[in-house]
Amino acid sequence: MDALPAPSPAAAADARAAARVTPMMEQYIEIKAANPDALLFYRMGDFYELFFADAETASRALGIVLTKRGKHLGADIPMCGVPVDRADEYLHRLIALGHRVAVCEQVEDPAEAKKRGAKSVVRREVVRLVTPGTLTEDSLLDACRNNYLLAVARSRASAAGQEATFGLAWIDMSTGEFVVAARDRAALAADVARLDPAEIIVPESLYDDAELQAYWRALPAVTPATRDVFDGATAERRLAGYFSVAETAAFGALSRAELAAAAACVTYVERTQLGKRPPLSPPAREAGDATMQIDAATRANLELMVRLSGERRGSLLATVDRTVTAAGSRLLAQRLAAPLTDPARIVARLDAVEAFVGDAGTRETLRGHMRAAPDLTRALSRLALGRGGPRDLAAVRDGLAAAATIAARLEALAGAPHEIADIAAALRAGDAAVAREFARALADELPLLKRDGGFVRAGYDAALDETRALRDESRRVVAALQARYADETGVRALKIRHNNVLGYFVEVAAQHGERLLRPPLNATFIHRQTLAGQVRFTSAELGELEARIATAAQRALAIELDIFERCAAQVAAMGEAIRTVAQALARLDVACALAALAAAHGYVRPEIERSLAFAVEGGRHPVVEQALLTNGGPFVANDCDLSPPPGGDAGRIWLLTGPNMAGKSTFLRQNALIAVLAQAGSFVPAKRARIGVVDRLFSRVGAADDLARGRSTFMVEMVETAAILNQATERSLVILDEIGRGTATFDGLSIAWATIEHLHEKNRCRALFATHFHELTALAAKLPRLHNATVRVKEWHGDVVFLHEVVAGAADRSYGIQVAKLAGLPRAVIERAQSVLTALEAEDRASPARKLLEDLPLFAAAAPRVPAEAAADRASAALIAALAALNPDDLSPRQALEALYALKRQWADMQED
Ligand SMILES: Nc1ncnc2c1ncn2[C@@H]1O[C@H](COP(=O)(O)OP(=O)(O)OP(=O)(O)O)[C@@H](O)[C@H]1O
Ligand SMILES: [Mg+2]
């Protein structure tokens with residue numbers, strides 16, 4: 001965002017001298033100078049106005065009209081505005097585009113300002129900084145997703161060559177979640193991908209770091225924060241201060257970088273909330289190996305949260321989400337994004353799911369109660385920030401009531417597993433007395449805003465009842481007065497009315513007006529207004545009455561607001577307990593939802609182990625299966641066994657060949673998804689699944705490009721493959737779909753070949769590798785833990801029939817042309833391709849490609865170069881040199897023929913060597 005022409009107060013003063021800056025503009029410029037990196041919403045009456053560069057930015061972003069307002073330094077001032085009552089909508093769009101907005105309100109009555117002199121401006125202050133990572137309003141948030149602010153600090157490597165580590169801290173201000181972690185570079189990226197933060201703050205030095213700057217700039221909403229936000233020296237004090245504890249040791253042993261990041265989070269929150277402290281849980285430390293590490297590319301291509309197209313429908317989450325509350329949906333998303341690695345914790349979650357799989361009655365009853373339970377944590381944070389309304393209090397009331405009902409139901413379950421007993425206990429954390437109190441206090445119909453009043457139930461507060469009676473009584477008095485006046489004047493149609501300009505007034509039709517204007521009635525009635533059809537009057541009595549009514553209404557509202565504040569304070573004081581209850585409700589929702597899913601689609605409980613097993617019987621792809629349910633055929637279940645061979649100490653690699661469209665990619669992904677679901681604590685789409693926990697999951701498809709980041713298709717594929725080969729451990733699960741496809745055949749084949757060898761010998765991970773390079777199947781003879789599998793098809797009158805059945809063995813061909821035919825390529829092209837293929841295959845048989853492959857040295861990179869190889873290199877170099885030296889234009893036909901013979905001889909010699 002561009003700075004204003006006159007950013008500092010001093011400069012503003014100069015400017016005024018030069019070009020008579022209006023006092024209001026002067027105030028604007030001063031406020032804007034204090035908030036240079038935010039769009040300034042400057043309150044003027046019923047609008048927030050934007051000026052100068054802000055106006056230009058906002059009008060472009062929001063598609064609203066850019067106008068002008070007066071002049072500044074001789075030039076027009078660009079301006080645009082948004083109505084206050086629709087401000088949320090515009091805020092939402094600006095925030096979604098990555099802007100920050102400073103909301104500047106009038107903080108005094110315009111009448112007060114007038115007292116200081118005719119020219120004085122109303123005092124205004126920025127009351128809030130709205131940034132993508134610090135939102136609390138339902139209208140600005142997605143109910144089913146967390147909204148994270150992430151802070152990243154780096155601890156410098158202590159020794160040269162040692163990798164730097166990062167301190168991460170993330171919060172969801174709308175729910176109070178607060179987590180810190182230490183990560184290396186790869187895990188940092190994996191966590192960023194997992195959390196998908198709405199906003200990331202980093203120290204300036206890290207933002208401009210040579211290695212990382214491209215990374216930050218490719219992410220949305222990364223803000224370099226000023227040094228004090230990340231200052232290490234004061235971090236401890238700031239963090240402890242936020243939670244009013246003496247020392248941060250209370251939060252466990254945090255590294256310097258973790259402390260810096262955590263303190264940056266709370267400081268940033270305070271700064272954007274202008275000193276207010278939304279209730280956050282104390283920071284919980286998450287160990288680096290607690291969750292399955294899944295990098296951004298893997299997440300994207302397994303379509304865990306969104307499809308590659310960006311759509312949510314058809315993602316794993318959308319397919320398996322049966323939750324009935326927003327908090328449950330958020331928790332399920334969190335769990336799928338970060339599957340666990342500790343078998344005990346996974347088993348606890350599975351126990352809870354299992355308890356509800358067979359018991360549809362209890363499950364549906366509980367789900368009925370939860371459906372009615374509101375989003376407690378978000379109501380809590382709004383109340384604590386003074387942004388709450390009566391409906392937020394009702395949310396607390398209803399949430400706590402639902403929790404108590406549900407807890408009773410859970411406590412009555414016989415033989416419930418520990419996880420459920422734990423949930424039941426947590427549901428009791430809220431203070432039932434408060435819920436009862438709110439039930440007494442709140443009316444049945446609640447306004448959205450507290451200033452509208454009328455939300456406190458009659459009979460709750462004696463003083464309020466009295467004032468309201470007075471107010472309502474006065475209204476009856478008005479009615480009585482109208483009847484009396486009608487009598488006294490003899491004007492039957494006389495009415496007492498009210499509007500905002502005149503207040504209460506007496507109104508008669510024009511033809512009766514004269515009568516009231518003449519004695520004796522003019523002693524009572526004072527003329528106010530003559531309209532086309534009516535004449536309006538007031539009277540001393542009516543004036544008095546009006547004052548009484550207004551005071552009573554004002555007093556009633558003041559009492560209501562008092563009650564509101566008292567209740568809000570009660571809620572804030574129970575913050576921790578409310579979060580516990582909300583979390584327990586979400587856990588229960590997820591357990592019931594996963595049970596409902598398992599019951600509906602025949603999922604089974606996976607067996608989770610510390611071994612390196614990976615044995616899935618009758619596995620299915622959760623998303624493809626459900627898609628097929630709605631439009632056609634059954635899904636063909638398939639087995640997959642990557643467990644170590646008997647007595648072996650490392651898992652297997654399956655090399656999957658098979659025709660196009662056979663189901664290779666589907667098979668690969670379904671196994672990865674089964675691992676994710678199982679470790680997230682869900683049942684899985686299979687007949688049986690035995691899974692030794694996976695520490696890292698990698699999935700690559702050799703086709704995506706990333707032109708926006710300046711990488712070609714093949715470059716992306718190789719960068720991603722490099723990451724796998726460098727990071728996969730024995731515990732990892734690697735899915736490689738057609739690696740090496742994006743380049744010339746022999747280059748690709750060689751890379752695929754070497755990759756499999758490396759995975760088998762060095763990474764020793766469990767892996768699935770799909771390929772059209774049928775030559776690779778020869779590797780099974782040399783690599784003991786490599787297993788060939790293929791997807792069966794049938795040929796039927798020259799066409800292929802896909803059976804989608806994975807069996808042991810290797811495919812002999814790809815049926816690419818048949819698939820192309822199915823896809824509708826023109827017949828001429830199909831026929832031509834068929835004849836080219838026949839010719840190529842004949843040639844392939846003539847050249848001993850198989851022999852060539854068998855001669856390829858295994859693990860050449862690891863072994864020292866053998867002299868024979870060097871000799872072969874020299875010979876081919878000589879051949880190339882001879883070829884290069886030839887200039888066909890200078891040769892007679894005879895010389896050309898001789899040259900050709902010579903080259904051929906040279907090549908033949910090379911083959912013999
Ligand atoms: N097990 C299965 N049961 C039923 N249908 C399946 C199964 N597996 C795959 N399919 C169907 O076949 C289609 C093609 O599958 P997939 O993309 O996995 O093939 P592929 O072997 O990877 O093909 P290509 O070599 O062209 O990449 C899927 O979109 C799906 O509709
Ligand atoms: Mg495929």
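Tutor: Before we start, a word on classes: Ala, Val, Leu, Ile, Met, Phe, Trp, Tyr, Cys and Pro count as nonpolar, Asp, Glu, Lys and Arg as charged, and the others, Gly among them, as polar. This is a predicted model, where local features need pLDDT of at least 70 and side-chain atom pairs count only at pLDDT 80 or more, while totals for chains, interfaces and linings use all residues. Residues are numbered from 1 along each chain as its sequence is written, ligands are numbered from 1 in the order in which they are written, and side-chain values use heavy atoms, leaving out hydrogens and water.

Student: How many charged residues does the shell around ligand 1 have?

Tutor: A residue is in the shell if one of its heavy atoms lies within 4 Å of the ligand. Ligand 1 has 15 such residues around it, with Val-636 and Met-661 among the closest. By class, seven are nonpolar and six are polar, and the charged ones number two.

Student: Which helix gives the most to the shell around ligand 1?

Tutor: Helices here are DSSP runs of H or I with at least four residues, numbered from the N terminus. With three residues, covering the stretch 664-680, the top contributor is helix 26.

Student: How far is an oxygen atom of ligand 1 from a polar side-chain atom of His-772?

Tutor: A polar contact is a pair of N or O atoms within 3.5 Å. Lys-664 makes one through its side chain, at 2.6 Å from an oxygen atom of ligand 1. For His-772, the distance to a ligand oxygen is 2.9 Å.

Student: What share of ligand 1's accessible area does the protein cover?

Tutor: Accessible areas come from the Shrake-Rupley method with a 1.4 Å probe. On its own, ligand 1 has 630 Å², and the protein covers 77%.

Definitions and conventions: A polar contact is a pair of N or O atoms within 3.5 Å; within protein, one must be able to donate a hydrogen and the other to accept it, and residues adjacent in sequence count only if both atoms are side-chain atoms. Helices (H or I, at least four residues) and strands (E, at least two) are DSSP runs, numbered from the N terminus.
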